[in-house]
Amino acid sequence: MEATFIAALAGLTSIGAYYVGARALGLPSARLGAAVGKMLESIGMVLIFLAVNLTASVLIVLAARGLTGTFVSAYAADDAVWLGLSLIQGLAFQAWRGSAAESSEPSRG
Amino acid sequence: MDGTGRGDRVCRAIGLAGVVLFLITAFSPLAYRLNQWMAGSPRLVASDAIVVLGGWISPSGTLSLESQRRLDRGIELYQRGLAPVLVLLGPGADGGPTEAEVRAAQARLHGIPADAILTETRARTTREEAVRVKALLQSRGARTLLLVTNAGHLARARPLFEHAAFEVRGVPSDPLVESDAPESRIAQMRVLVKEVLGWLYYRMAGYI
């Protein structure tokens, strides 16, 4: 029931956003597919940062255990904060790539 | 640049996979089914000992929810007369009381005699737990165990204890009840992914 309610509500607000975008703001419907593609690219970048962060934290913990011979907890690699931090990193990196691509466009004629 | 570079395509594919996995996890019973599959079929038969693996304890001495669940399951198995010994594991955190001793105090409050409780407070990983339980139970001639931990963890813990020459009957501590709440499903999938990665690491390291 809870899942159905959430899915239905998210569906309704998505349809509402489409109408606001297309009718009130005059956004071209034909560009929605490209926008979704850009959104997926940003999420992909966030997931890459997440994978790199988690892999690095696990490797550092294992290296610390091996080098010092003492126990170092791997809980640091299991913290939900990594998702938020990776979100910030990934979105910032994508924005940087996007702005670099925009600024290089005029010079290519 | 029209956004169709190789890097963009890779990011898009990863993003699509992430979104699809997120939606399937949140809005389908996938996590519950996987958890059930990893738990296997519990064999609640009389054994030589009940071994309750460590979860986590706060420095102030409060057991984590998972630690408490495992303990409750272990106490229930003992009270059903399935084994004469209850082995409780878990170190302390930052100088606080040890998880094993806090659990032992709770077990005594439930009427389990002190001489039926064994504690091990030094093991910090599942692998260390298997080694130390072997040392603890070997002299008692224990060969069969009821091993209590969460379903995802059983996949990694069971072969470790089998390597330590025990016959293992896994008993999941999870309430195997399907939740309709997307947040619970995502939390369950997170635990499973973590355990699968742990299992892969143990395989690669040759521990199991």
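The pLDDT is the predictor's confidence in each residue, from 0 to 100, and helices (H or I, at least four residues) and strands (E, at least two) are DSSP runs numbered from the N terminus. This is a predicted model, where local features need pLDDT of at least 70, side-chain atom pairs count only at pLDDT 80 or more, and totals for chains, interfaces and linings use all residues. Residues are numbered from 1 along each chain as its sequence is written, while chains are lettered from A and ligands numbered from 1 in the order in which they are written.

Now look at where the chains meet. Here 17 residues of chain A are in contact with 16 residues of chain B (C-beta atoms, placed from the backbone, within 7 Å). Helix 2 of chain A gives the most to chain A's side, with nine residues.

Over in chain B, strand 2 (residues 86-89) and strand 3 (residues 117-120) pair in the parallel sense over four bridges; pairing takes at least two bridges found by DSSP.

Finally, follow helix 7 of chain B (residues 182-204). Its 23 residues should span 33 Å at 1.5 Å a residue, and its end C-alpha atoms are 33 Å apart, so the two agree (the expected span is 1.5 Å times one less than the number of residues). After helix 7 of chain B comes Gly206(B), with a positive phi near 80°.

Conventions
Two residues are in contact if their C-beta atoms, placed from the backbone, lie within 7 Å.
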